[in-house]
Every structure is written in structure tokens, then in C-alpha cells.
Amino acid sequence: MKKNKRIIGKLSMLLAVIFFYLPIVYVVVFSFNSSKSLTVLKGFSLQWYEKMFRDTQMMQSLSTTIVVAIIATVVSTIAGTLAAVGLSKSKKIVRRLVSQINDFPIMNPEIVTAIGLMLLFITFGIERGLLTMILAHIAFCTPYVILSVMPKIRSLDPNLADAAMDLGATPSQALLKVIVPQISPGIFSGALIAFTMSFDDFIISYFVTGRGVKNLSIMVYTMSKRVNPSINAVSTLVVGIITAVLIVINVLPIISEQLRKRKARAIEDTEK
Amino acid sequence: MKRFSQLAFPYIVWSILLLLLPMIIVFFYSITTGGNGIISFEFTLKNYIKFFTDPDFVIVLWRSVKIAVKTTIICILLAYPVAYFIAGNNDRVRNMLVFAITIPTWINMLVRTYAWIGILTEGGIVSKLLKLLGFAHTELLYTESAVLIGMVYNFLPFMILQIVSSLCKMDRSLLDASSDLGANGVQTFLRVTFPLSLPGVVSGISLVFLPAVSSFFIPKLLGGGQYFLIGNVIENQFITVGEWNFGSAISVIMAILMMLSMYCVRRLESKNSQESD
């Protein structure tokens, strides 16, 4: 009975993994196809990559995606962290109110957030384009950063900053040298969420953009009507980028841990 | 201390401007007539009346709710065994499996949905597989089934992760207690494990149902031009037709609908947990 259950569990796990990875494998494999077909593999070729690199629209959308994601991540991480620190010391009613407002982009359907931002930019006569896309991305990424930093701050000793300042630290030193290092895991995971949210975003970007500024998702959306295997090539590139980011993120802590250990050992050796 | 609370001030202003104000503007557009400037506008309920008196729109809304409910039910049924299996492992293996489920969600949704076009199209892997199993000529792409597959594909990971986290929070000794008291495996599952994992299922429902109702690129890519959901109607009003007031009204209706449905689900859950107490 118990063994049976494990087999069913293993089987469903296996099927789930196949289900989740099938489209990704499919895109990667067919990006090297030598024919235009989306169903039959003819042979190996790099022609779609060549076409992709020559396609200025595709390259532009790729750089737009990366630029927007980097700016949105940096700004929303800093803004979100400062806001979270500030809110933790604010009056309860302020904190409540802001967290209610913060919930809008998280709880609302994305399309409603998107339309709201689009109408906001139109109402204030801001021309839609790269700038509005960046502003919108910062707007929907920051609440997630706050959400991931807040619990870390709550678990801190509330007197920590005071202690630092009593010992002669200026408020900014207390913030940067005492509080921030303590909550860095939260900041880090917030930044990661912000980056992937921005990098993957379609719905909000689609509504707030203009003047032909497109990110990758918008490009895939507008190009998908016709068969275009270059989309597979650019998708493979995206898979590559995200995988690289994930590897760096997962390997870096291990490396820094090892470096620290080595350093500690070196110090021990010199002490001997 | 006071000085730190000032750090929140810029964000308070920012969040009011970019998060709260847009919602007010959407509501404002929904209750005014078209062609309005900021100075000249006229209040009306015409936009809402138009939506509810036109059977076409009501049918689309009903269709969106129906497919979202189907997606949610399928997700629960598929997610549970997987989550149960993941939660039953030791920490190291569990983290690895959770990571394996998470990785695909990091890759662009559009890209992953686009990939299904090739898989589901005539002559693709799935139709070949179906032919082998004896189903002659099955058209999948640009049908409701394709949209359903796309939605389950995109939202299933959220359901799995939610159920895993609620199963992990469960006190394992309860299972031993249950079997010590004479319950068999099925009884333990139905009366201990499942009720305790309900919070995960509920938050999973909100992560699946809400985006499924409002999704518009999945039906567009996999359902073809004919398969319209409420999200597509909103997109059309803003991008093609240019009737922002009517589009805003539909958005408000959708947002209210979702708040109501989430409220009902939460109520149901709290009622359930009270009964089991």
C-alpha cells in the first residue's frame, strides 16, 4: 500500500516535470531546425540565429527588456528597502494604509493594473514609450520587494538602530552598516523577484508602451501570428539568460562561503 | 527613530500616485461618458448598462468564469499528488524538487505559451501521440482544450508550491497519532492531511483562478481569433476600438467579481476550519 503510493507519487512527479519542461525543450530543439516547420525536424542549422541577430527589431526588443529589467530592479530594490525600513518605524495607521495600497498590483488582475497605469499616463499627458514602461515596472516591482524585506525587518531587534547610533554611528551609517546587512537575504530575494517579474512582464508593458517600443514579450505576441522560427531562437536566448542568472545566484553563495572559509583558515594559520 | 520613519515618505507619495490614483482613474473613466477631458465630463451608468444588457458580453464573461473554474479544478487535481510526493521527502530532496518546479516559471510566459503552438499543432508531438493511441485526426490548436492546456500549464506550478508549503507546515506527529488511534491511510488522509492542507489549496485557488479569468494572451495565442475571453474584450476596447470608458467599466466589473469570489472562497475555508476544530 505504502509502496504503491510512492510509485503513484513518483509517476505524477515525473509527468509534471515532463509537462513543465516539454515546451522549453521544444523551443530549444526547434531553434536549431534547418526547416521552417514547427513539427518536423529536418536537420541542424543556425540560420534562425543568424536571422535573429540581423533582425534589428528583435535585437532592440531584447535590449529594451534587459535595460528595463536592470533599471526597474535597481530602483525598486533600493526604494522598496528604504520604504520597508521607514514603514517599520512609522505609525500603525500609515503602515496599514500603505500595505493596503501595495496590495493593489498583487491582488488585482494584472490587466486592471495595466489599464490603470495606461490611463494615468494618458491623463497626465506623458507620452507612452520607454520611460512609461520603466516607471510602470518600478511601480509593480516595488511592492514585491517590500513584501520580501518586511518580514526580515520585523524579526530584527527594534533597538538595533538606536544602539548603533548611541555608539556614535550616524543614521545613514546605522542604516547601511547595521540594518541592511541584517536584512540582506530579504533584499536579495526581493531584487530577484523584481528582476524576473520585469524581465517576463507582458501585460503591463503591452498597455503602457508606445512609439514602437517593444520588449520581448510584446514582440513574441505581435509576431506569433505568423510562423517565424526566429522566435524559437530568441526564446532559446531567453532560456539561456535566465538559466545563467539562476546558476550565478545559486553558485555565488557557495563560492563566497568557500572564500570566507579559506580566509578564516588563512587567519587561523597566521595566528599559529 | 523618527528620522527612519521619514524614509517611507517618498514611497508613500509614489504609491499614492502610481498605485492608488490609477485605480481611481479607471473607476472615474467607467462612470463618465466618452471623449472627456479633465474639465468637461459627464457622469453616466451607460457603460455598465451596456455590458449587462448585451448578451454577447455576458456570454464572454460566463465563458471566462467557466474556463477559469475548469482550470482551477484541474490544477487542484493534478497538483495534489505531486505536492504530496514532494512534501514527503527530506529537506534536501524537497528543495531540489521545488526548485525543479520553479525554474520553468522564471522563463517568460509568452515564450512558454508560444511553444505550445508547435506542440499542439496538426502533426505536432501531441497529435502524433494521439494518432498512435488510435484517435484519428484530432484538432487541438485553436480549440478550448488548447486554451485549457495553456492555462493549466502556466498556473499549475503556483498551486503545487502552495500545497507543498501548507503540507510542510503540518505537524508530522499528527499522522502517527492518527494511525495510533486506528485510522487507516485513507482515513488519515481524508480527516487529517487534507483538511490541514486546505489553506494551501485556498491560496493556490487565488493564484490560479484570478489570473485565469483575466488572461488574454493564452486565449489569443492558443485559442486563435475566435476564442474570446473577458480579457480579450478589455484588450480590444483599449487597443483596437478605443472605447476607454467602456473598457474601464468592464475592468471594474472584473475586479469586483474577483474580490467577491475571493471573499467567498476565504469564507468557505474559515467555515471549514471552524467545523473541524
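Among contacts in chain B between residues at least 6 apart in sequence, 71% join residues at least 24 apart, where a contact means that two C-beta atoms, placed from the backbone, lie within 7 Å. For chain A the share is 76%, again counting contacts between residues at least 6 apart and asking how many join residues at least 24 apart. Keep in mind that this is a predicted model: local features need pLDDT of at least 70, side-chain atom pairs count only at pLDDT 80 or more, and totals for chains, interfaces and linings use all residues. Residues are numbered from 1 along each chain as its sequence is written, with chains lettered from A and ligands numbered from 1 in the order in which they are written.

**The two chains overall**

- Chain B has 13 helices and zero strands; helices (H or I, at least four residues) and strands (E, at least two) are DSSP runs, numbered from the N terminus.
- Chain A comes to eleven helices and zero strands.
- The radius of gyration of chain A, taken over C-alpha atoms, is 24 Å, well over the 19 Å that the globule rule (2.2 Å times the number of residues to the power 0.38) gives for 272 residues, so chain A is more spread out than a compact globule.
- Along the principal axes, the C-alpha atoms of chain A fill a box of roughly 70 × 60 × 50 Å, while those of chain B fill one of roughly 75 × 70 × 35 Å.
- Buried residues make up 42% of the 272 in chain A and 43% of the 277 in chain B. A residue is buried if 20 or more other C-beta atoms lie within 10 Å of its own, exposed if 12 or fewer, and partly exposed in between, with C-beta atoms placed from the backbone.

**Where the chains meet**

- The contact takes 64 residues from chain A and 66 residues from chain B.
- Helix α1 (residues 2-30) of chain A gives the largest share of the side of chain A that touches chain B, with 16 residues.
- By class, that side of chain A has 46 nonpolar, 13 polar and five charged residues. Here Ala, Val, Leu, Ile, Met, Phe, Trp, Tyr, Cys and Pro count as nonpolar, Asp, Glu, Lys and Arg as charged, and the others, Gly among them, as polar.

**Helix α4 of chain A: one side in, one side out**

- This helix covers residues 92-107, and its 16 residues should span 22 Å at 1.5 Å a residue; the end C-alpha atoms are 22 Å apart, which agrees. The expected span is 1.5 Å times one less than the number of residues.
- Val98(A), Ile101(A), Asn102(A), Phe104(A) and Pro105(A) are the buried residues of α4(A). They cover an arc of only 125 degrees around the axis, which puts them on the same side of α4(A); the arc is that of the directions from the helix axis to the C-beta atoms.
- As background, an α-helix has 3.6 residues a turn, so residues three or four places apart point the same way.
- Over on the other side of α4(A), Lys92(A), Ile93(A), Arg96(A) and Ile106(A) are exposed.
- The buried residues of α4(A) pack against α3 (56-88), α5 (110-123) and α6 (130-154) of chain A, together with α2 (9-30) of chain B.

**Helix α8 of chain A: a bent one**

- With 30 residues (171-200), α8(A) has end C-alpha atoms only 37 Å apart, short of the 44 Å that a straight helix would reach at 1.5 Å a residue.
- There is a bend of about 60 degrees at Ser184(A), and a proline, Pro185(A), follows within four residues. The bend is the angle between axes fitted to the seven residues ending at a residue and the seven starting there.

**Positive phi outside glycine**

- Arg211(A) is not a glycine, yet has a positive phi of about 50 degrees. Arg211(A) sits in the loop between α9 (203-208) and α10 (216-223) of chain A, and is exposed, with 10 other C-beta atoms within 10 Å.
- Tyr142(B) has a positive phi too, near 65 degrees. Its place is the loop between α7 (125-132) and α8 (144-169) of chain B, and with 18 C-beta neighbours inside 10 Å, Tyr142(B) counts as partly exposed.

- Lys70(B), in helix α4 of chain B, is 78 residues from Leu148(B) in sequence and 7.9 Å from Leu148(B) in space, C-alpha to C-alpha.
- Gly88(B), in the loop between α4 (55-87) and α5 (91-106) of chain B, is 76 residues from Val164(B) in sequence and 9.3 Å away in space, C-alpha to C-alpha.
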